[in-house]
Structure formats: structure tokens, C-alpha cells
Amino acid sequence: MTGRKIVFLGTGLMGAPMVRRLLGAGFAVTVWNRDLSKADALAADGATVAATAAEAAKGASVLFTMLTNGGAVSEVLFGSGVMDALAPGAVVIDNSSIAPPIAREHAAKLAERGFRHIDAPVSGGVVGAAAGTLAIMAGGDADVIDSVRDVFAPLGRVTHVGPSGTGQLAKLGNQQIVAVTIGAIAEAMLLVEAGGGSREAFRAAIRGGFAESRILELHGQRMIDRNFEPGGTSRNQLKDLDAVLAAARSLSLHLPLTETVRTEFAEFVENGGAESDHSGLLLHLEDKNGRGKA
């Protein structure tokens, strides 16, 4: 489909289905993962597997990273020979969720070498990655983003938010809304049940009204089923809220709702809820109100 060499570094829970989407669209993709077994699993789908990040990146014109955090991205891009292997003028698309200042730093360092950078964190989870329906929040130069829209297309809907770092800010805003909404739904369910109502009936009653949301649909159902096996952990939700508030401080902003929800998640994590799904904040609020359940 294209003469460009596409490389994907980081083929974990999100990266692997994204690679499969690219392969399914006809792109040739070379992959690497620190745990090589996760990259090897993609060979059956048609991916070329490389033993090192630098080997994968050799001659790449479009390079994706989907890694754990900003430190991991920095190490792979600048400490493993990747920059020396890229094709001139390559576009680096970072789908990882990292701090906005780190994204801007990466963009500047890559620009010094003539490479172009897009910070493009995603929302939609593993289900969205597999279905190609991710919300992709892109920071960087509009012309650069336009130049790779065909590569983004199998993955989901890309929106140019603004200059470098603003893709990451948009992702933080997304996580901020998720956390506050989870807290609101959990408290509302407590209120209705305390007055004699049914949580399940309450959720059904408000579906389709102004309170409708994906959080009510998915996490509200988790709260009813008491299924807190993690999709997104409370530990990671707390990390995201800490990043939101750090960004707010750097912009001289006071975000009282986010600060309050962050306090509740911090208490939940400290009391053993770190690996619970973030909808498990309900458990913490139940305990605070003496309404804990088995």
C-alpha cells in the first residue's frame, strides 16, 4: 500500500491490536517490544519482528511508540540508537501517555536532527484499539499530521489539538473527566440506594438523559455487577490525576473538583485499591459511608 517503512515500538495491550489494524489495512509493519514474545506473537499476522529497537527503526519513515511512560520513551528514542537509524525526515508518532513537558522536549530534540514529532495519545482502550475506533489527540504541526492521516486512519479518529504537548494535555483532560464522572456516578448510586432505590434501575432510568455517557454505560454497569477486575487501574488513574494537577500548577490553575477526586483515589489506592479498576472507587465511597459490601 505504501513505500514508507512503518515501525511500531511497544506491542503490549494497546500496541498489539493497533499493529494488527495497520497490517489489516495493508501496511507493512516492523515491530519491537522489550518482552520479545509480545512482538513475536504478531509475526503470524504478517509483522516483521526485530530483535532491537534500533534494528526495527532502520530506515523507518514513520515510527510509532506506545510505551509505559515518558522515561521509557526517552530511553528508547534517544538511548538505544533509534535516532541514528531513522530515515531522513522521519515522523515519530508517540501514542504513549506522558507529561506534556516531556513531549515538548522530545519534539525539540527530534527537530534538532531533522525529524518530525507528533504527540498522539489515545483513548478507547483495548476494545477501541482492536476495532479501529480510538480517539487520537494529536499535538504538533498540522501539516505533519496531515502527511500521515492515511496511517492514522485504520486506528481511529485523529484530531489536531494544537502545538507540541497539547495532545498530551487533551489526554489528561480526558482522564480528568473520566475520574470526576466515575466519582459522580458512584456517589449518585450510593444516594439512590440509601433512600431505598435500586442502583440498576437508577442507571436504567437515567440512560439517554443528560447524564448519559460512556462512563455511565460501562463503569456504571461494573458498579452494578461489582466487577472491578481492572481495565484501567486505580493506581494509573491516580497517576493521571497527579499529572493533571502538575500541569494545572504550571499554568497557575486551581481545579477544585479534580483535587477532591484525586484525594479520594489516593485514599483508595493507599488502602489497597491500587490494582482495582478505577470504577472500584465505589468501594472506597461505600466504606466511607459504612455501606461496604462483600
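**Cores and surface**

Tutor: The largest nonpolar core has 33 residues, and F8, V29, F64, I93, I118 and F152 have the most contacts inside it. This is a predicted model.

Student: Which helices and strands each supply at least two residues of this core?

Tutor: In soluble globular proteins, nonpolar side chains tend to be buried together. Here the strands that each supply at least two core residues are β1 (6-9), β2 (29-32), β4 (62-65), β5 (91-94) and β8 (134-139). The helices that do so are α1 (15-24), α8 (142-147) and α9 (149-152). With 5 residues, α1 gives the most to this core.

Student: Which residues does F152 contact, leaving aside its neighbours within four places in sequence?

Tutor: With those neighbours set aside, F152 is in contact with I93, I118, A120, I136, I145 and V158.

Student: How many residues are in the second, separate core?

Tutor: That core has 24 residues, including L9, L63, L67 and L86.

Student: Which residues form a nonpolar patch on the surface?

Tutor: L169, L251 and L253 form one, with about 260 Å² of accessible area together. Of these, L169 is found in helix α10 (residues 166-194).

Student: What separates the C-alpha atoms of L218 and S279?

Tutor: They are 9.3 Å apart, while the two residues are 61 residues apart along the chain.

Methods: Residues are numbered from 1 along each chain as its sequence is written. This is a predicted model: local features need pLDDT of at least 70, side-chain atom pairs count only at pLDDT 80 or more; totals for chains, interfaces and linings use all residues. Side-chain values use heavy atoms; hydrogens and water are left out. Patches are made of residues with over 30% relative accessible area and no salt bridge: like charges are joined within 9 Å, nonpolar side chains (Val, Leu, Ile, Met, Phe, Trp, Tyr) within 5 Å. Accessible areas come from the Shrake-Rupley method with a 1.4 Å probe; for residues, only the protein chains shown count as cover. A salt bridge is a side-chain nitrogen of Lys or Arg within 4 Å of a carboxyl oxygen of Asp or Glu. Helices (H or I, at least four residues) and strands (E, at least two) are DSSP runs, numbered from the N terminus. A nonpolar core is a set of buried Ala, Val, Leu, Ile, Met, Phe, Trp, Tyr and Cys residues joined through side-chain atoms within 4.5 Å. Buried means under 20% relative accessible area, exposed over 50%, partly exposed in between (1.4 Å probe, protein chains only). Contact means heavy atoms within 4.5 Å.
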